[in-house]
Amino acid sequence: SCPPPPPPPSASALSAPQLPAAATEASPSGRGADDVIVQYLVVRKDLTKKPLKWSWGSVISNACHASVSAITSGLADEDSVVADYVSPENKTQMHKVTLAVPGEEELVKTSKALDEAKISHCLW
């Protein structure tokens, strides 16, 4: 369960993306040894434009907040995929993909779609 985000939301991070249905050499999460866990960050493109004019540093900082929030929420919920993602043996293999949406409306729609698909995420 994610803490309430500061308004307006600036980023969304997935804490536990869907994994392949079949896994070999299962880890505690049921992942196979060759399965890669990817955390997706979705940021608003409008934040750096008028009238908001956020600096890139602010946008990146908020994406980092969303990422950490998603991970800590996943750990608090005892999500085994998140635990695998941050495990000592995987700490040098963390994969992230950053995507962009035009603005707040699209970010909220993305969050709702993730909710409907039961994909853990944090809207920041």
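1. Core. The largest nonpolar core has five members: Ile37, Ile71, Val81, Val82 and Tyr85. A nonpolar core here is a set of buried Ala, Val, Leu, Ile, Met, Phe, Trp, Tyr and Cys residues joined through side-chain atoms within 4.5 Å. Helix α2 (residues 80-85) gives the most to this core, three residues. Buried means under 20% relative accessible area, exposed over 50%, and partly exposed in between, with a 1.4 Å probe and protein chains only.

2. Basis of the model. This is a predicted model, in which local features need pLDDT of at least 70 and side-chain atom pairs count only at pLDDT 80 or more, while totals for chains, interfaces and linings use all residues. Residues are numbered from 1 along each chain as its sequence is written, and side-chain values use heavy atoms, with hydrogens and water left out.

3. Confidence. pLDDT is the predictor's confidence in each residue, from 0 to 100. The chain averages 82, and 73% of the residues score at least 70. Contact means heavy atoms within 4.5 Å. Where pLDDT is low, the predicted coordinates should not be read in detail.

4. Overall layout. The chain has three helices and four strands, in the order β-β-α-α-β-α-β from the N terminus. Helices (H or I, at least four residues) and strands (E, at least two) are DSSP runs, numbered from the N terminus. Of the 124 residues, 39% count as buried. Among contacts between residues at least 6 apart in sequence, 74% join residues at least 24 apart.

5. Strand β2. Six of the seven residues of β2 are buried, so the strand is mostly covered. β2 pairs with strand β3 (residues 95-101) in the parallel sense, over seven bridges; two strands pair if DSSP finds at least two bridges between them. Valine 38 stands opposite histidine 95 in β3.

6. Glutamine 39. This residue lies in strand β2 and is buried, with a relative accessible area of 2%. The side chain of glutamine 39 makes a polar contact of 2.7 Å with the side chain of serine 67. A polar contact is a pair of N or O atoms within 3.5 Å; within protein, one must be able to donate a hydrogen and the other to accept it, and residues adjacent in sequence count only if both atoms are side-chain atoms. Serine 67 is itself among the buried residues of α1.

7. Helix α1. Helix α1 (residues 56-76) has 21 residues and reaches 30 Å from its first C-alpha to its last, close to the 30 Å expected at 1.5 Å a residue. The expected span is 1.5 Å times one less than the number of residues. The buried residues of α1 include Val59, Asn62, Ala66, Ala70 and Ile71, and Ile71 also belongs to the largest nonpolar core. An α-helix has 3.6 residues a turn, so residues three or four places apart point the same way. Glutamate 78, with a positive phi near 60 degrees, follows α1.

8. Alanine 63. Alanine 63 lies in helix α1 and is buried at 10% relative accessible area. Alanine 63 and leucine 123 are 60 residues apart in sequence, and their C-alpha atoms are 10.0 Å apart in space.

9. The loop between β2 and α1. The peptide bond from lysine 50 to proline 51 is cis, with omega near 5 degrees, and proline 51 is found in the loop. Lysine 53 lies in this loop too. Lysine 53 is not a glycine, yet has a positive phi of about 50 degrees; the residue is exposed, with a relative accessible area of 54%.

10. Helix α3 and beyond. Glutamate 104 is in helix α3 (residues 104-116) and counts as partly exposed, at 34% relative accessibility. Lysine 118 is found in the loop between α3 and β4 (121-123). Lysine 118 is not a glycine but has a positive phi of about 60 degrees, and is exposed, with a relative accessible area of 75%.
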